[in-house]
Each structure stands twice: as structure tokens, then as C-alpha cells.
Amino acid sequence: MWKVFIMKHRSKIRTYIVFFVSLYLVVTLNVKADAQKVNRKPKASNPADHSFPALGASDERKVEVAWNRFYDHAGMGGILARLHKAFPELTRLYSIGKSVQGRDIWCIEVTSHNVGDSDRKPGMYIDGNIHGNEVQGGEVVAYTAWYLCHQYGRLEKVTALLDRCVFYLVPTINPDARDFWFHAAYSSRSSRTGLEPTDDDRDGLMDEDDYDDLDGDGVITQMRIKDLFGRYKPHPNYPDYLMVRVNPDERGQYSLLGGEGIDNDGDGRINEDRRGGYDMNRNWAFDWQPNYVQYGAKEYPFSQPETRAVADFVLSRPNIAAAHSYHNSGGLILRGPGREGGEMSEQDERALRLISERGEKILPYYRSIAIWDDLYTVWGGELDWFYGGRGILTFSNELWTSKNLYKTPDAPSDEQQAEFVEYVLMGDGLIPWREYDHPTYGKIEIGGRRKEWGRIPPSFLLEEELHRNMAFTLYHADMMPLLKIHEIAVEKLEENLYKIWVTIENQRLIPTRTGQDITHHISPPDIVSLKGNDIKVLSAGRVTDKYFKRVQPVKRRPERVELNSIGGMDSAIVQFVAEGKGSFTITVDSAKGGVLTKNQLLP
Amino acid sequence: MSLTIIQLKMKPYWFLLVTITLLTMQTGIARPATYYDYKSLRKHLVSLAKQDPNLVRVDSIAQSIDKRKVWVVEVGKGAEDNRKKRPSILVLAGIEGNDLTGSSIAVSWLEQLIKQFRTDHKITELLETTTIYVIPRLNPDAAEHFFIEPKFETSANNKPVDADHDGLMDEDGPEDLNEDGLITWMRVEDKEGDYILDPVDKRLLLKADNLKGEVGAWRYLSEGIDNDHDEEWNEDGLGGVNFNRNFPYNYEFFASDAGVHQVSEAQTRALAEFVIEHPNIGIIITYGAADNLLKTPESAPDPDRRKPMISIDEKDLGYYKVMGEIYREAIGLNKELENTSCPGTFSDWMYFHRGRLSLASRPWSPSVAVEISKSAEEEEKDEQEKTGDNDEKKKNADYKKDKDKRNENERKELKWFDEHAPRAFIKWQSIEHPDFPGRNVEIGGYAPYSLTNPPANMVEEVVGRHTDFLTTVIQRLPRIGIRRVETKHLGQGTYDIEIHVENTGFLPTSLAQGQTTREVYPTRLVMDLDDEHFLSGTRITTLPVIPGSGGMVEARYIIYAPNRKKIDFEIISMLAGQVEGTINLEKSR
């Protein structure tokens, strides 16, 4: 029966089969195609394995650090410890002292420890963050260590630098206030001080009336009160960002009440005895003046464990020939002196200016200035002691300038900055005004800007800041004296009597001893000596004119000639008249230029 | 000839030191004032403290490079908390290592006070209301050179310093060439020298004056050889830093004895910290080379706040003037002599940067000794010469005018020594010197310490005069008090209160410089009453400076306190002490 039926409708059945099979195929294939479209994704491979280097930082990264963020003291310590672990031949890591609250002040010493005697290489000392709120100096210094380690052996310039120089890198010399700035509620300006309790208001109590984070948002912002007799109003276009003065004939809207806080000690004043209350950058021994002349100086120079630690460290390393200390803000390359009439020799001023002119090119929008002349008078500043007290050519960079917001030669106006916050930062950095019931003022409003706005760069500009500033200090370091024994010329006067001319050359800009160093006998003189088993030196002296053969003979000890200095891009010639035979050794011993020796045989 | 460096010689002589100490200890029943070496000083201080542990405490504030301790003695009755609040004085000696007299004065004064505490009710009362800090010797290492051979005078510690800037440390110190146990002087007959013999007294030398046609014939050096062959003699010996050049005011950066920076040494730092931790110290007396008591010091008006003061504020001058007068009378001087100022002294720091009355005394000097002898003679003469001839005197004066005045003071001093302590000047004697073969080299001149400390037989008298001065000075501190409290009931539990605060001491509650430097905090009146009760006035009131000798200020309050019967209050002064008082609130008018 089935057969009859099949035979009878054969053609129809075929048509149906073709139709349904086709339908099935079309539908299922379509569904599959759709499904495939929905589920298609790239493999989640590690982007690092497929990344390619941009120029600048090294491709290989033994220590991974996000350089668009900030790190507290423990974080900073972590970076240094990992660097030290990854680069044991390039680094030493130690504490140079402890802060008031017992935090270690870490120093990472970077040089190729396998090449030469590290302690006798010209040294560059760099620190940051002496003012607790000026945090990014710490990142610049840590970045410098990170960069040098990773680029050693890869870039010729870095390799040569670490072979002949040593870097003493101290990211923060105020670790207490650094941590405090990150962890406690603070504003961009506060936490500049160190954290030794101080009686700012002279009432016998210390640090008893600090700011208070009244609204508990983790930031110290501003307080304002609605007041018809106040002279402020919100900016019409940027009410959250800017408070502006009302016109003289306009009725007021607000009075400003200062930073967030209450009268903790009941003396009728608010926030008048905050944590700390001094300025460690006024606590240095050279041109120091007491508190009544220079705010923040403390009772005597180096009274603070932090500044004392740095001073003792520098005094114990006479090879330090250059130094830098980071501050914020303003985009400035600062040099001394800190006060009008402060000491600065003409030749040292010239060297500083030449180096900072390179800096101005490396650092767009940065200006090179002398502190007293263009900024303000500073007594007892760090760089004054480094230069004035120790004869070390030193700069202080004021990191970050608002000119960098729009890359303009002039600083943007308040309104332009408000626009940057609104259109570039999408409002990040602002804390809207909110009402608060204040125990003294009653109903007030609290709000304003986050501490990260104003003195430190936003994330996407930070890395540039780190690299460019480091580049400037590497140039400065490279200008430290590079001594070579250029030539030892032996002239036979008669049998067993020789005139030996030793030419020592300084292939860099900075002299072995600066003008300040020579004037005040800070470092020992450079000593050129001749020794040989069968040789006796009869006379010696510095050659003052090589063509007319003028020589300044030493009075005694002819085997040991003291040179005041070997100038930048200059040479010194020493003459020895010696009798004897065999080989002799010339040694050049310079505190900041290192030790050179060369053996030669008498003809 | 022995060329051993001094430091190496110290150890063998140690036993000598101990023997001397033991000998002096045995003889000391009624102990005459003397010079103390480290061990005897320590023993002595400890025994003082043992006499009355409730009155005297001995502690150490620092350790020297050679591991000697720096002692501080605190005298005062009562608990530590109270003692720290009282008006107080600091006596500091031996800050310059060669000052032995100051140490003896300090110790002697302590002895005297402890004795008088039991016998003299005025001193008893004083020590119950005043705290005395005495640091008898800040630089024990240097002072020890007096007690060992060769005796060598230095005011500095043993910190290695490259004094001649040749890259070598302490490589050319002095030697005792004639082995007399003293490092003295050396004069070498040498045409390259700058000196001639004083024609009046050949024992003294004079700088040759080529304008007078004088040709130098002598070198004048300290005793020793040129160890490092640089044609300088003893130019880079052991040490060091003079602690009394190491303080921040008028600090001389790069001076060879000033230290590598201000407050660089363990002892100077300990001293600085000590005075910061004891802000109640109102008067400081420092014995050393500097002196501001022989003559009233220079003064000037207070300049702009941003400019450092370089002279004593004229508003403070009166106190210095009075102290100088008392001082000169105490030591037996009837006229002003010249002051001595030095850079970087502790004393100047305490006035110019810390705002305290800071007196500096050079406890003895030949010039003062000469002057005291002279005035004693003049007194006698005046008695005899009342009918003398005036022409004779005039003639004498004219003659003196023509005479060469150079070395005049030196000759007078040497004459004084001839009469009073002939052993102070060692007779010049020729020796053979390896650096000057065939030349006449003589060793002699003033013995170490003889120009800075009185001869042994005079120590007691000098010390006695100074201790009298110290006892006068402690009675010149400021002292806060409550003169009276006036309460008026205005009705309904509202009161008008006036508190009269007085200063019964001598000094004001703060010198002008204390206000300029802001280091002397204002006096505070603190009421034990909550803020809401004040209709006028505040819980804490800062008072203006209260002058001494009965000066007074008043604080006035309007208070609403219907449920209170009394209000306690406290007056806190940094230098003038603290007092407590009570306001009785009576409703009757």
C-alpha cells in the first residue's frame, strides 16, 4: 500500500523533500551564521606579549611600575626594593636616617658597581619631596632609578654614565608628611611641613588645632557662608570651580572661611596650630636665619632628623659633585643664591646658567631663574647649603606648571583652568559645595577642589613630567668632571735625569672644584703624584704656561703637587723633574673627579 | 728626641692622673677651690647629689668623642614637673676647653648653695621656688689636657680637621721639644722672621714695623717640629671644634675651629636641645673667652622684623648695664674694661635667637688682674698723695705720650706675673732644633693655661668673687604673682572680675628680644570656666609683658555664672613661673 502511494505521488514527494531539506538548510545555516556573529571575540592574550616599544622608556621591564600614578612611602619603598632585587649589580639600597616618626629615608645608589670604585666616582645626589605635599618629586627620583637600571647596557649614553658616575637617589626626605598627604584628609598646599609637633600659636600645646575633615569625604576643602555682607560670589559660568569677588557696588553673597575645620582648643581661632608648623627647606646651615627672620627655620640648622640625615650623608660622600632637589610647582629651574648678596662666584654662576639653558630646552615652559632675584628670599634653603656650604653645583626644579594644560607660553586664566576641569578632566578634581552645620559658624557650605588639582599633573601628563625632568638631571650629571690623563711626556735631560710632563684633561663642563669650593677650602685639593721604586722626584710644579714653559714649583714634597682645580673643558699640566730609572706611576687623586693612575717606563 | 704625637702620650700618663686625683681626694676635708679633672669632677658632683638627693640631681646630657660624659646638675626642691615650671637659671662652664676656672666657679657655687640651703632661709626659699641648672664642663676632652703631660692648651675638641687644607688630617701637631712637660713657645733667630725683641723687656717679642725701619730677626712659633715638611709649624694639630664658636648667631662658616656647620658636635647639639627642652631658663651665664660684663655692651633700636638684630635691643640694655655693674663690683673692678665678642658663641645665640638675658664672663684674665691690682694700689696712693704735686704728674704724662706704646699691656701683664706668679712665664732657653740646624732656637714664654686661668694660689679668691655674683644673679629672675582679685556682682549671677597680675621679680616677663624672636611665649591667664559663661573676655587670655620690680597688668572679665561659687584660674609664664588663684563669687555687691 505504501509503495502504491509513493509511486503515485513520486514527483510531489520529491518536490516536498527538496523543499523541506532546502528550508532546513537555509534556516539552520542562517541561525549558525548568526550565532557565529554574536560569539566572535579576540583571544584574551596578554597585551604585554604583543606590545611594541615607544621611544623613551625601555622595552624590557623587569620591574613593572605604573608611572601615571603616585605612591606612598611603602609604595616608593616597594619600587626601590624590586629594582634592587632585579638589578643587584647596579644598585645598593640603604636608609640614610629616620624621620621624626621613625620612617626610613631610603637611598638607592645607582651605578655599575662592577666598573671602578663606586665610592670614588663623581656623584650626583638627587632628592625630592622635602615639602610633604610636593609629592611628584618622589616619582621623578624613583623613575630616574628605574630608567637608569633598565637602560644600562641598552643605551650607550646611560651605560657610559653609570660606568663613570654614581647616582644617590632619595625619592623622599620627608616621608612622614608624604604619607600624611596621601592618607589623611588634606589639601594641595597643606602638609608642607615635617611632622614634629610644634607650638605654632605659642599657647603651650602642640598641634592641637589642625584641619578637620568635617564632611568626611577624605579631603580638606574650603568653607564658605552665605553672607550679604561678604564680598564673594560664585563665578557665573563656573560656579562650582571659582569664587570671585563681587563688584564694589554689588551686594555680596558669600564670605570665605578658609580651610575645613573647627576651633578644637577653644581659643577662639580655627586651624591655627596645625600638624607640624615649620619648613624643612629653611633648616639648612648656610645663610641660615632664625624663625623671626625666616619662617619655618626651627631653632637651629639641621635640628630636624631628616635634614640632618641628608647633611651627614653628603658630608660622608666627598665625591658628590652635583645635586638636585625637587619641589612643586611653577615650572622653574632654580639656582642660588637664596638671598640678595648671597655668595655665588662668577665662574659657578656661568656653569649653572649653561646647564640650565639646556634644561630650558629639555623642559618646555620651564624657566631658569636665581631664587632671590626672581622668586623670593630664602634663608637656609637646601640648595644654598649644597652650593654655599659644600661647593656643589645644585638646582631645584619646581615641577609642574599650568602652562602645560594647554601647552601655552602664558599661564591659563582661572576661567581656562575651569574649562580644563570641565572638558578635559570631565569634572574630576571638583568637590561640589554641600551644606554643613558648623559648631561656630552655623549653616555653612563645604566644597572646592581636590588636593590633586593645581600642584601635581593629571595622570596623562605625569609620565612626561617624570621623564623630561630626569633627562635634565642626567645632562647635569654628565657635566660632572671627567678626568683623563691625556699625555705623559718624558724628556731626557741627561743620564738618569728626566723632565716629565703630565697633562690631565677634564672633558666636561664642571671643574673638579667649583669657585666656592676653592675659596673656602671645602674639598681637599686635587693631588697629582709621581712614585717609582728607583725614582726620586727632585722638583715639581704646575705648568702655568706650556709654550713659554713657565712652572710654579712647589716648595716641599715635590712628589705631591696640589692643584686648586682642573677647570671645565680644560687641562692642567704638572711637571716633575725626577732622577732614577725604571717605571713610575702617576696618580691623580681628585675628590670629585675620581682617582686615575697610569704606569710608564722611563726610556 | 721624642717625636711622639701627643695623643699617644696620653695613656702612659694616665696612672699619674689617677694618683693626683687620689691624692687630692685624700687631702680634701675643707676643700679649697681647685681645678678639677674629669674623674674628680664626676666624683665631686656625685657626692654633692648624695648629700641631698631631693635637692640635687646629676645627669649626663652627652658624651664626648673620647667617651667622657657631660654632666648637668639640677638644684631645686620639689617634683620634676614643678621644677620645670619655675623661673630658672643656667650656668655653663668649660664650653671652651681651656676654661678650668669657670668649672671651679660652677662647682663651688653648687657647694655653697647646698650648704646655705640648710643655714640661710633666704636661699632655702629661693631653692624652693627657683630651678638651677649647672653644666660645669661641656668640653671635658680639651680640659683634660691640663692634667696630662705634656700640658697643652686648646679650646677645641678632638674632631679631626684639615686645618691647613692640604688633604691630610691632624698631621702636624706640637711637640714638647725640651721635655719640660709643657707645650710653650719657640723663637728662632731668623732673618725671615717678622718679629724683633721688645727693647724694654727682651723676654717679649714685637712685630717688626718696617715704617719704623725695624728689620725682623725672629720667628715666633709654637713648640714643635714641622712634621709634614710644609714649612709651617704645628699648623694642623689634633682637633677640632671650639664649641663656643659652633652656635648659629654670628656663626663664622668655614672658620677652622667653628665646625663643619652650626651645632655640628654632639655636645653643642645636646646643649641646644637642653635649653629648648627647658624653656623656663630666663638667665644664662656662660664662662669662656667672650665677655659682655666688663663693659656695657653696644645697643641699637629694634629694626624691621625681617632684618636680623646685630646689637642688643636698646630696650633690654638697662638689664645688661645693671648686671655689668654688679659683676664688676663683685670681682673688684672699679672701672669698665673692654668687652670681648667672639663669633658663634652659645651666649649670643641665647640672647639674639632665643631672647633670654645671656651674660658672658671671662672669669679671669691678666688684664683684669692687672687692673684689680692697680686699683688696689691707687686706693693706697690716693690716701698718701692727697697733698701731692700736680706739675710732677703732668710731666709724667707728657713723658708717657712719647713712649712706644706697643706691648705696653703685655709688659704690664708680665710684670704682674713676675710679682704674683713667676712660674707662669718660662725662661727662654736654647735648644737644638732639627728644622733649624745651626740656628739659635729658644723655647719658653707663657706656660699653657697661664693667660686664661689664674695662678693656683689665686683660684680660691677668684672663684669666691664669682660665686657671690651668681648668688646675686639668681635673685634677679622674673616672678609672676597675683596682687589681688576684685569681684563685683552686677546682679542675676553676672560678675565683673578684675585680676591684677604682678611681677615681683626683677627682670620683665620677657625681654624685648624675647618678643622680637617670639621665642618667649606670652603669659597666659587660663580660667577654669566654659566658654558660654563669658560675656566679655575669653577662657584663655594672653597678657602683655609685665615689667619687673612690681610691674602689674590687669585682666577684666564679665561673667555670667549663676550656679558657680568660685572659679579657679592659672597664670602661666614661660620665664616667671606659674601661679594658681581662685575667684570667690559672692552675690552681695
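Colleague: In strand 19 of chain A, what is the bridge partner of V543(A)?
Modeller: V551(A) is the bridge partner. Strands here are DSSP runs of E with at least two residues, helices are runs of H or I with at least four, and both are numbered from the N terminus.

Colleague: What am I looking at, and how is it numbered?
Modeller: This is a predicted model, in which local features need pLDDT of at least 70, side-chain atom pairs count only at pLDDT 80 or more, and totals for chains, interfaces and linings use all residues. Residues are numbered from 1 along each chain as its sequence is written, while chains are lettered from A and ligands numbered from 1 in the order in which they are written.

Colleague: Back to the strands. How many bridges join strand 18 and strand 19 of chain A?
Modeller: Four, and the pairing of strand 18 (residues 535-545) with strand 19 is antiparallel. Two strands count as paired if DSSP finds at least two bridges between them.

Colleague: What sheet order does that belong to?
Modeller: The order is 15-16-21-18-19 in chain A, an open sheet of five strands with antiparallel pairing. Its edge strands are strand 15 (483-494) and strand 19 (550-553), each pairing on one side only.

Colleague: Core next. Which residues of the largest nonpolar core touch the most other members?
Modeller: A145(A), F167(A) and L169(A), out of 184 residues. Helix 4 (residues 136-151) of chain A gives the largest share of this core, nine residues. A nonpolar core is a set of buried Ala, Val, Leu, Ile, Met, Phe, Trp, Tyr and Cys residues joined through C-beta atoms within 7 Å. Buried means 20 or more other C-beta atoms within 10 Å of a residue's own, exposed means 12 or fewer, partly exposed is in between, and the C-beta atoms are placed from the backbone.

Colleague: Where are the cis peptide bonds in chain A?
Modeller: One runs from N328(A) to S329(A), with omega near 0°. S329(A) sits in the loop between strand 9 (320-328) and strand 10 (332-335) of chain A. Another joins G336(A) and P337(A), with omega about -5°. P337(A) is in the loop between strand 10 and helix 8 (346-362).

Colleague: What is phi at D287(A)?
Modeller: Near 55°, a positive value in a residue other than glycine. D287(A) is in the loop between strand 8 (254-259) and helix 7 (305-315) of chain A.

Colleague: Is D287(A) buried or exposed?
Modeller: D287(A) is buried, because 24 other C-beta atoms lie within 10 Å.

Colleague: And what is the phi of R518(B)?
Modeller: About 65°, although R518(B) is not a glycine. R518(B) has 15 C-beta neighbours inside 10 Å, so R518(B) counts as partly exposed.
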